[in-house]
Amino acid sequence: METRKGISEDWLSLWLGLAIFVLSIAVFANIDLLGWGTKTNVWMEIGKAFAPVSKAYASMSGAASLFATYIFALLVMGVGAVLLKVDVKKFAVGFTLVYWISTACWLLGHYSYIAATPDKLKSLNIGWSMNLTGEAGYIIALIAGLLVGNLMPGLADMLKEAVRPELYIKTAIVVMGGTLGLKAAESLGLASAVMFRGLCAIVEAYLIYWALVYLLARKYFKFSREWAAPLASGISICGVSAAIATGGAIRARPIVPIMVSSLVVIFAVVELILLPWFAKVFLWHEPLVAAAWMGLAVKTDGAAVASGAITDAWIRAQALAEAGISYKEGWMLMTTTTVKMFIDVFIGVWAFILAVLWCAKIECKPGERAGASQIWHRFPKFVIGYVVTFAVLLAVCYPASKALTASESERKAAAAQVATLEKELAPTINTLPTLDGNENLSAARAKMAGIEAAIKVPEATMAKAKIVTDESNVFRQLFFVLTFFTIGVVSNFKKLWEEGIGRLAAVYLISLFGFIIWIGLVISWIFFRGVKPPLAG
């Protein structure tokens with residue numbers, strides 16, 4: 001009897017991310033369902049490292065919050081395991097180990113001597129730190145995963161059912177859409193510019209990338225079309241997803257996208273370590289150039305978005321240390337993610353183009369046609385979730401943000417008028433005030449009171465939206481650190497070398513470090529130079 005196949009990780013990430021998002025937005029109805037989630041603080045005393053993210057749960061201990069987060073994550077992912085039709089018991093054991101190892105790495109990354117930024121040293125009573133921010137926990141998780149995957153095969157096998165980096169990162173991206181929707185509502189003009197520039201950048205970059213990699217693989221390394229096309233897509237477009245979609249589009253043997261995908265994961269690890277550091281040292285003065293570069297150069301959704309998170313944290317810390325500039329958190333990450341989202345959409349379009357080309361010109365068979373359903377079949381479904389969460393928070397928050405922005409100038413003008421009138425009337429305190437002066441002052445005060453009354457609702461909306469994104473961000477960060485650890489676990493260097501991956505690796509190495517990284521940097525510079533994130537405060 002044939003075993004029925006479960007839901008795909010792509011669809012599952014969409015539903016899991018939306019479920020968490022729906023629970024988080026209950027705050028708008030004054031119901032706090034996720035406020036017990038664990039927020040990790042930069043710490044000197046380990047007892048102060050964890051705390052509930054919401055003030056409504058302030059009485060809960062950090063340990064209870066941490067355990068509650070684990071139970072919730074286990075239940076959510078356990079439902080996912082059922083839908084995937086995997087061994088639920090093995091998944092639960094594996095996920096438990098993955099969760100606690102990843103959490104330990106995240107905790108270590110928040111140790112004050114590792115994570116504290118220059119503005120926090122005094123409050124922590126320390127004289128120095130590595131200035132890596134809490135996102136150093138991602139790198140520690142990656143290193144831990146590499147050690148497990150390459151030196152502890154028994155443990156890696158025990159974790160196998162729960163080692164699903166693409167599922168974790170795609171779920172995180174769906175959840176993250178709401179956070180970016182709020183940021184876009186607060187500064188819609190800049191967000192629109194980022195989106196437009198990101199679209200232009202990926203079209204230009206990948207029309208160059210794909211052709212060059214395909215030419216290199218075919219002409220100089222003598223790969224067949226079956227190998228060259230997935231290799232070109234995997235290196236140039238978006239790693240694993242693009243290699244698999246391209247392999248399917250051209251009817252390649254399963255081994256082809258699997259081998260390419262293995263390479264993608266390995267080189268993504270290298271990029272993840274090197275490029276954010278390079279961006280911190282050389283591009284901190286052009287933060288959105290660095291952010292777009294992460295999206296264009298780093299392959300796989302997990303590594304790209306994670307590199308954007310690290311770049312966001314490191315460049316903000318560097319700009320503060322070097323120039324005293326404090327950028328708002330999240331704008332570099334939003335830029336990286338936006339570029340990556342356009343790339344993911346481009347996968348479906350490109351796979352459709354290749355399917356048509358292969359059917360019509362290269363491997364044309366009588367009666368075969370590549371229909372529009374090919375695009376839907378290969379379209380990354382989690383992007384739908386990202387768009388939904390982004391659009392919901394944008395739709396809720398933009399009117400409120402617009403009202404606050406418009407009222408702010410009126411409020412300042414009214415406050416200035418009240419101050420001026422009060423100053424003019426001050427000398428008449430001990431004498432009979434003028435009737436006109438009192439009337440003008442009363443009218444100005446009434447106007448100011450009316451403005452303040454009118455902005456109470458939009459202020460409350462934005463405050464609730466901030467709570468929503470803070471609480472959902474707990475799970476975004478959790479899925480991020482799970483991604484880093486599991487990416488490390490699946491990167492088994494020895495096994496891949498034994499499978500004869502050397503020649504493919506040569507193409508990847510030459511392409512990535514020979515031109516893809518640098519073309520991506522140039523294009524990012526062209527489209528994003530001079531575009532800055534908003535300043536904090």
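**Cavity lining.** I sorted the lining of the largest cavity by class and got seven nonpolar residues, five polar ones and no charged ones. This is a predicted model, so I keep that in mind throughout. The names on my list are Thr38, Thr40, Phe50, Leu66, Thr69, Tyr99, Thr103, Trp106, Val474, Gln477, Leu478 and Val481. Next I looked up which elements give two or more residues to that lining: β1 (38–40), α2 (62–84), α3 and α18 (456–490). Which of them gives the most? I found α18 there, with four residues.

**Cavity size.** I put the space in the largest cavity at about 150 Å³. With a cut-off of 30 Å³ or more, I get one cavity in the structure.

**Ser102.** I went to helix α3, residues 88–109, to look at Ser102. Buried or exposed? Ser102 is buried, and I have its relative accessible area down as 0%. Leaving out residues up to four places away in sequence, I see Ser102 touching Val481, Leu482 and Phe485. Val481 was already in my notes, as part of the lining of the largest cavity.

**Helix α8.** I checked the span of α8, residues 165–186. Its 22 residues reach 31 Å from the first C-alpha to the last, close to the expected 32 Å. Where is the kink in α8 centred? I located it at Met176, with an angle of about 30°. I also looked at burial: 21 of the 22 residues of α8 are buried, so the helix is largely enclosed by the rest of the structure.

Definitions and conventions. Residues are numbered from 1 along each chain as its sequence is written. This is a predicted model: local features need pLDDT of at least 70, side-chain atom pairs count only at pLDDT 80 or more; totals for chains, interfaces and linings use all residues. Side-chain values use heavy atoms; hydrogens and water are left out. Buried means under 20% relative accessible area, exposed over 50%, partly exposed in between (1.4 Å probe, protein chains only). Contact means heavy atoms within 4.5 Å. The expected span of a helix is 1.5 Å times one less than its number of residues. The bend at a residue is the angle between axes fitted to the seven residues ending there and the seven starting there. On a 1 Å grid over the protein atoms alone, a cavity is a set of points where a 1.4 Å probe fits but cannot get out, and a pocket is an open set with protein on both sides within 12 Å along at least five of seven lines; lining residues have an atom within 4 Å of a point. Grid points are joined across faces, edges and corners, and a volume is the space filled by probe spheres set on the points. Ala, Val, Leu, Ile, Met, Phe, Trp, Tyr, Cys and Pro count as nonpolar, Asp, Glu, Lys and Arg as charged, and the others, Gly among them, as polar.
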